[in-house]
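Please look through the structure below alongside these notes. The points are numbered, and each can be read by itself.

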Amino acid sequence: MIAVIGATGNVGRALVDRLVAADSPVRALTRDPERAGLPAQAETVRFQLDDPAALFTGVTRLFVYAHATSRGLLDAARAAGVRHVVLLSSGIIADGADETHPLHIVHATAEQHIRDSGLAWTFLRPNAFATNAFQWAPQTRTGNTVRGVFANGLTAPIHEDDIAAVAERVLLDDGHENTAHRLTGPEAISNAEQIAAIGQAIGRPLDYVEVPPDQAGPELFPHVPPHMLAGLLKIFAATVDTTPEITTTVEQLTGTQARTFATWAEDHAADFR
């Protein structure tokens with residue numbers, strides 16, 4: 001049995017779908033099982049730590065994201081028989097990274113908790129998520145102009161299902177214990193080029209209008225906590241005209257090349273219309 005914490009998140013949902021398709025027993029942990037809309041073949045359980053037996057009894061492997069990782073969670077999982085934890089971490093964990101950055105602190109702390117737990121571990125460290133483009137969806141639904149920062153900022157966005165595909169292999173196959181995998185999409189693409197790809201996917205041209213970062217507020221980043229916005233803008237500024245890291249980890253571990261951002265945009269065209 002594999003438990004998936006965050007089963008209704010972008011990566012968690014894709015992972016549950018994959019494990020179900022692979023006929024692997026999966027327990028999907030979510031705070032609202034009644035509204036989760038997960039496959040019937042998955043055992044969907046309310047995620048609450050006051051009843052750890054309900055979460056982890058019979059589970060040997062666990063998928064978790066950083067914000068849900070705590071010593072208490074890991075102690076309960078280990079006591080119930082979990083032996084291997086796969087963490088959705090972040091590519092911000094890298095040599096020379098700014099260790100004071102809030103995102104670094106969150107993910108580095110989660111990784112350390114897992115190392116200290118005595119459980120076998122695998123860390124997945126994706127860089128830019130293609131799903132970050134959802135920040136532009138409110139604008140594409142109401143017009144053909146998208147305002148955003150750093151038009152020439154370059155990333156190699158990764159499809160959430162490619163992350164899930166790697167997680168599936170790491171959970172089902174042996175040999176990934178105590179290893180960190182860095183994950184990216186297959187190519188560099190600018191913010192302006194991402195908007196063009198979304199326009200192609202939805203059938204109408206979109207224009208990207210660059211906004212100075214000191215004028216970027218919550219309306220451009222509605223899902224970013226205000227205290228994290230300055231740090232996020234600093235990360236974005238460093239991507240301007242800078243070739244991003246590109247790995248082949250997805251293909252190496254799954255046998256299938258990572259999908260392009262254009263493919264991601266086609267897969268999610270309905271979200272932008």
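1. Asp23 counts as exposed because its relative accessibility is 70%; buried means under 20% relative accessible area, exposed over 50%, and partly exposed in between, with a 1.4 Å probe and protein chains only. Asp23 sits in the loop between helix H1 (10-21) and strand E2 (26-30). Helices (H or I, at least four residues) and strands (E, at least two) are DSSP runs, numbered from the N terminus. The phi of Asp23 is near 60 degrees, a positive value in a residue other than glycine.

2. This is a predicted model, in which local features need pLDDT of at least 70, side-chain atom pairs count only at pLDDT 80 or more, and totals for chains, interfaces and linings use all residues. Residues are numbered from 1 along each chain as its sequence is written, and side-chain values use heavy atoms, with hydrogens and water left out.

3. Asn178 also has a positive phi, near 55 degrees, and is not a glycine. Its place is the loop between H6 and strand E9 (179-183). With a relative accessible area of 47%, Asn178 is partly exposed.

4. Helix H6 (residues 160-172) is largely enclosed by the rest of the structure, because 11 of its 13 residues are buried.

5. Leu154 lies in strand E8 (residues 154-155) and is partly exposed at 22% relative accessibility. Leaving aside neighbours within four places in sequence, Leu154 is in contact (heavy atoms within 4.5 Å) with Ile189, Ser190, Thr239, Asp241, Thr242 and Pro244.
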